[in-house]
Amino acid sequence: MSQVTLRQIALSIIVLISLPLAMVPAADARELLRNGDFESGKSGWNPWHCKGPGAVGVVYSVSEDARPGSTGKQSLQIDTTSPFACENFIRRSAYGLEGGKKYRVSIWYKIVAGGDPDGPVENVIAREQKEHTNQDRVDLYFDMTVDGKWKYVSGEFTAEQSTTAEDFYSLTVNPAPRGQGGAGGIIRIDDFSLWEFSPVALDTAVAATPLTEDGVLAKLLNVETGPEAKRSKGVEAGILGGFPYLRNEQVIYLWDKAENGSGLLRLRDLRSGRQLLAVDQAEATLWKIEAKSRGGQARTFGNVGVPCEVSFEASGGEAKLVFQWRQSSMQVKVQTRLVTGESLARSRMTINADGQALGLQTVTFPIVAGIEPLTAEGKQDKVLVSRRRGATRPSPVVSGESLFLDYPIEINLPMGALLGDGMGLYFGEEDEQANEKHLCWTPNEADGTLTYSAVHPVLGWGGDEPVTAYRSPGDVVMGPFQGDWFDAARIYRRWAITAPWCAKGLIHQREDYPQWLARVPYWTDGALRDKEGIEQEHVKHDFFDLPESLCHDYYYTFGFRHHDRNPEYLPPRIGTENYKRVIQDLRKRGVRVIPYVIGLLWNMTTESYRTEEAEKSAILGQSGDVIWTWAGGDDPQAAMCPHTQQWRDKLTSLSKELIGKYGFSGIYFDYFTVHKIDCWDQDHGHPIAGGNYWTKSVHELYEQVRSECREMDPQLMFCGENVAEWCIDVLDTCYEAGPESDTPIFLAIYHGYTQIFSGGLTYRFTPPFVGRQWLMGCQNGWLHQEYALATSPEPVYRRAGAFYKTLVQCHWEFARPYLGYGEMLRPPAITGALPTLDISVQDPSFTVNAVEGSAWRASDGSVGIFFVNYDDKSDHEFTWTKDLNEIAGIGADKKVQVTLWTPTGEKVLGEWSGGVVGTTMSLKSWGMIALKLEVVQ
């Protein structure tokens, strides 16, 4: 292997917003660029590089060395710290230019170091251009003499005739490296300025004309503000032309006038210059409430056209708008906040209804209409959804069909985003109660936009007593961001790891977490119902030859099918004493066994269902009938209410018998985390329908089972089928399918706080089914092929067995701190002449790149980077890069030792500089690479 050759590129820094007058040689000049004097520090300056947000090979800081004669006391310093791996820039945009007018761009600069003939910086260009189009472009070249003097350079241009006040002009400073660049370059810039020569005063008649929402937005883009606006540390709230707004140096949110109901009208992302929301006032929705009258009549309330009161304030770096709608039978309050340096707005809603007249049923908030496509006609737009481990769907603008997402069963995270063109529009809800909600992306065929909405069934809405109050259980979050699915996941993660279900901490540090489970690299699917099935488990364990593994036994029950007599599974099919001996023998070999249990169903034909009067604890539908299914066999199976003490005790008793009598190492529960059924039985004592009835009840059931069973053995494990964030603290792991996912947001958020084991019910071996699980940090399992991998004489299985064995061996010996319980980092960037592979062995089919990789941070700060070649025919050479500074915090000023794992031992490859690292490597067909990068002290 050789260290990757980093291409020579120019580091660009673009400047974004409007600022106090920097240097104005004409008394009538009007400054259009904010904070070009850096008196607000780096606020609003957004460093980027060719792959997204951030800086590579440079550090931006504030210097107290200001240019002579400046009214300010600061400048911006640019230090080069390592080779310039790819294009970098800090960018701001200036608004308010008008077509046909003349403007001047100017800048002061000082070359402190690095401009010598052998220095790391070859030249520097300050550039102005319209958007990113090269129109109206002016290049200002710096004198690279290292003489410690401040110098001035300027240029003039006339704005293109089509320019409007909403168009933005980018300003950049572009240090180009000599060769690969490197450490030692120091450049200071000050009073970066864009101004017009002869601004024209507004005609009084025109000035008196009422402003439209777009006119207000244009003024806000041009530094205009409401006369009574409140400001604090760069964030502002106010009312301009009657339109309420929030803004900072990243974003502007604009609402309709109070007399029209104050729906959200415009959303401007100042970092990209994009208008993300454009809706007519008549359709400017914000919320909708469904209620029922005392007589049972349906009532609907909404904000459109309903006057409200608006107030605003700002303090402590946070600006706030408060909207209040007051009607005789309903009072609604919405509070929206924006903080300095953050593009996301956070809102909460409270509702109080007259209980003598109304009862609340559903609250839809937010309703955001007029979402503009991010790519041309939305053809490349994707909606990020949290199905399984994560997925994307084509924008409904293209598909023409609404996208409905039900939490907590159909999706496992109440968040998502519209993605396209390197940015996204994020929506999420930070709800520590895990309330039921129905999210929807709806296409608007007439104008090619989207509407996003979130419906909240109110807790207890189905009861006899009307629900008269509702309060958002947490922040409703929305706003633009730069990046991709990983960046959206990191937004939600910031809150998620503070949620109650993460309070116990990281799994490898938790006292109540079975540490043997944290170590196990793979699961097998067991059939311990006869001699053949038992012998197969021995063969599997001997083949993989690892000290510990886990067998998930489906077929131990005495019933005809493996779950047709729920929950009457015992005695086991091979008899109590035989089964106890089998489990004990496997345990001695290092194989722990857990049984399958359906957590939801009770067979209605069993004697126990009749004698224990189980129907009293069954879930009743709204019609008053027991909810039941045919699942598992030919008998009806009643769905049991998780709130009832009878059902909690029944599952606890069964679990304790399985563990205490037979020696199981835990329980695998199916159904609860993938179902959500409202129960209408008034005698159960729970709220009727809506809210968090289901999640709270299931969590409490699991908590009881776990607590009582762990008194018998504190190292027991409990598993659910399909992931549920709200159960992380009471379930130790979950099964989740989804090898088609290339957007594993659940793992990017929660890996390390929980585990997932997965595989795919395929019965036909393909490397992506096992390779992707391994790369994504899942314990491999549920393949139904381990015995064939260990014994089949077919060449494909002999080869696949060796491949799979290498993966789990690496997990056990080397990768566990990363793939087992590390924090997921952004995947390494991979380039090369790599084919894509079509995988169609199960629905849905999917495609993968021949070589994929993942990156992780361990708790000791080291980074693990892993690659797999899925191609069953060809070896491949590829080049990868990874920015170690992002999240992991390993900058270019540090050295890392790089270690390669092989089945015969570890090999130190050498020491690399930190920051952006990478190399060109060759990977054999069905091969893997595992690297560890740790800082050299």
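Q: Where is the place of Asp269?
A: Asp269 is in strand β19, residues 264-269. Strands (E, at least two residues) and helices (H or I, at least four) are DSSP runs, numbered from the N terminus. Bear in mind that this is a predicted model: local features need pLDDT of at least 70, side-chain atom pairs count only at pLDDT 80 or more, and totals for chains, interfaces and linings use all residues. Residues are numbered from 1 along each chain as its sequence is written, and side-chain values use heavy atoms, leaving out hydrogens and water.

Q: Is Asp269 buried or exposed?
A: Buried, at 0% relative accessibility. Buried means under 20% relative accessible area, exposed over 50%, partly exposed in between (1.4 Å probe, protein chains only).

Q: Which side chains does the Asp269 side chain make a polar contact with?
A: Ser272, at 2.7 Å, and Gln482, at 2.8 Å. A polar contact is a pair of N or O atoms within 3.5 Å; within protein, one must be able to donate a hydrogen and the other to accept it, and residues adjacent in sequence count only if both atoms are side-chain atoms.

Q: What else does Asp269 touch?
A: Leaving out residues up to four places away in sequence, its contacts (heavy atoms within 4.5 Å) include Tyr95, Arg274 and Met423.

Q: New topic. How many disulfides are there?
A: The count is 0, with a disulfide being a pair of cysteine sulfur atoms within 2.5 Å.

Q: Now the open sheet. What is the strand order?
A: β37-β38-β39-β43-β44-β45-β46-β47, 8 strands with parallel pairing. Two strands pair if DSSP finds at least two bridges between them. The edge strands are β37 (523-526) and β47 (779-780).

Q: How many bridges join β39 to β43?
A: 3. Tyr596 stands opposite Tyr668 in β43.

Q: Last one: which residues touch the most other members in the largest nonpolar core?
A: Among them are Trp287, Tyr668 and Phe866, in a core of 207 residues. A nonpolar core is a set of buried Ala, Val, Leu, Ile, Met, Phe, Trp, Tyr and Cys residues joined through side-chain atoms within 4.5 Å. Helix α14 (residues 795-820) gives the most to this core, 12 residues.
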